[in-house]
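Load the model in your viewer and keep the selection panel open.

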Amino acid sequence: AEDLVLIPDTKWIIASGFGGSESLYLIDAKQKTWSNFYPAGEPRARQDMLNFGACPGSPNPNSFVAHGLNIRSGNDRHSMLYVVGHGEREAIEVFDIDANGDVPILTWIGCIMTPDSMSANSVASFPDGSLVITIPLHTGILINEAFAGKPTGAVYEWTPGEAGFSKIQGTDTPYGNGIEVSDDGKEIYVASSGLRKVLAFSNSNPTLLLRSSKELSIVPDNLHMGRDGKLLTAGLNVVSQECGDLQMSLEFDLEKFASCSRPFTVVAVDPQSLRDSVLASSPAQKHFSNITMALEVGAELWIGTFAGDRI
């Protein structure tokens, strides 16, 4: 469950199936139970040709791997779900969620292909349906270059009706990971795993880097707006007696980093000052590591992972 979002005004959480046989999971936050949300037998599809006419059709449900998620509330208890998709193709898959019944109904309505079939990581949406995504690694670039401080990817944007994404000039950064936008649409926030910082850009192309946080104590991953207007991110602690301190260099080894259970921390970042504060922390958990994000659900924090079989 690499990413989690809450269907607005419901008890239902959607989790991305970054591994395993299901692409999306539907979770009852009260009962702590889950079910297959997509493909879930006979997946529903109704392509919106006006906004997603360039999409070649619905994904192959047997090879669709979900990654980053974003949800935006609409009218009449409908929401739009944006999913970073891998597998058969590299695209942002778009779904309508109808939450009027006892159980939400999911319908695929379109997609936007990523440029040159590059893998996106996270997606964020604006009220008009425009999207921004992070592509952390451009073609031919390795992740250890990001941890040596080299720009490895960038932010890309899309407006409804356009054929595809275009790069936002000035957003090149070492492994841009999580992404979020301000309520007024004027700013874009990016969590750079390579820099271990949250960056604030102007919503323009070319853009301006407006502010930067200090270096965080974690490797920040996904980024979501919390209920109080602060940005939430989470990740594994850089300093670890159990696993050794993370070396930010070309020697970075993702497999080695992910194989040792490290302590983890949830961080809240003020979008204006970009000052961070610890929201929650945990010692290493033998059966739960590789932390990616945190979701506020009532009085609880739900934690996602890029390599784990539980939440």
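**First stop: a sheet**

Select β3 and β4, which run antiparallel and are joined by five bridges. Strands here are DSSP runs of E with at least two residues, helices are runs of H or I with at least four, and both are numbered from the N terminus. Two strands pair if DSSP finds at least two bridges between them. Within this pair, I27 has W34 in β4 as its bridge partner.

This is a predicted model, in which local features need pLDDT of at least 70 and side-chain atom pairs count only at pLDDT 80 or more, while totals for chains, interfaces and linings use all residues. Residues are numbered from 1 along each chain as its sequence is written, and side-chain values use heavy atoms, with hydrogens and water left out.

Now widen the selection to four strands, which form an open sheet in the order β1-β2-β3-β4 with antiparallel pairing. At the edges are β1 and β4 (33-38), each pairing on one side only. From one strand to the next, the twist averages 30°. That angle is taken between N-to-C directions on a scale from 0 to 180 degrees, using axes that are lines fitted to C-alpha atoms, for helices over the stretch in contact.

**Second stop: the cores**

Select I14, L24, L81, I92 and F95. Of the 39 residues in the largest nonpolar core, these five touch the most other members. A nonpolar core is a set of buried Ala, Val, Leu, Ile, Met, Phe, Trp, Tyr and Cys residues joined through side-chain atoms within 4.5 Å. Buried means under 20% relative accessible area, exposed over 50%, and partly exposed in between, with a 1.4 Å probe and protein chains only.

Centre on I14 and show its contacts (heavy atoms within 4.5 Å). Leaving aside neighbours within four places in sequence, the residues in contact with I14 include L4, V5, L24, F37, L81 and I97. Elsewhere, a second, separate core has 16 residues, among them A146, V219, V266 and I291. In soluble globular proteins, nonpolar side chains tend to be buried together.

How many salt bridges does the structure hold? There are eight, each a side-chain nitrogen of Lys or Arg within 4 Å of a carboxyl oxygen of Asp or Glu.

- D28 and K11: their side chains meet at 2.8 Å, N to O. The pair links distant parts of the chain, 17 residues apart, with D28 in strand β3 (residues 24-28) and K11 in the loop between β1 (4-6) and β2 (12-16). D28 counts as buried because its relative accessibility is 6%, whereas K11, at 30%, counts as partly exposed.
- E215 and R196: the closest N and O atoms are 3.5 Å apart. E215 lies in the loop between β17 (209-212) and β18 (223-225) and R196 in the loop between β15 (187-192) and β16 (197-202), so the pair ties together parts 19 residues apart in sequence. E215 is partly exposed at 46%, and R196 is buried at 10%.
- R310 and D309: the N to O distance is 2.8 Å. R310 is partly exposed, at 41%, while D309 is exposed, at 64%.

**Last stop: S282**

Is S282 buried or exposed? S282 counts as buried because its relative accessibility is 14%. Its place is in strand β21 (residues 276-282). Show the side chains of S282 and Q285 to find a polar contact of 3.0 Å. A polar contact is a pair of N or O atoms within 3.5 Å; within protein, one must be able to donate a hydrogen and the other to accept it, and residues adjacent in sequence count only if both atoms are side-chain atoms. Not counting residues up to four places away in sequence, S282 touches P263 and F264.
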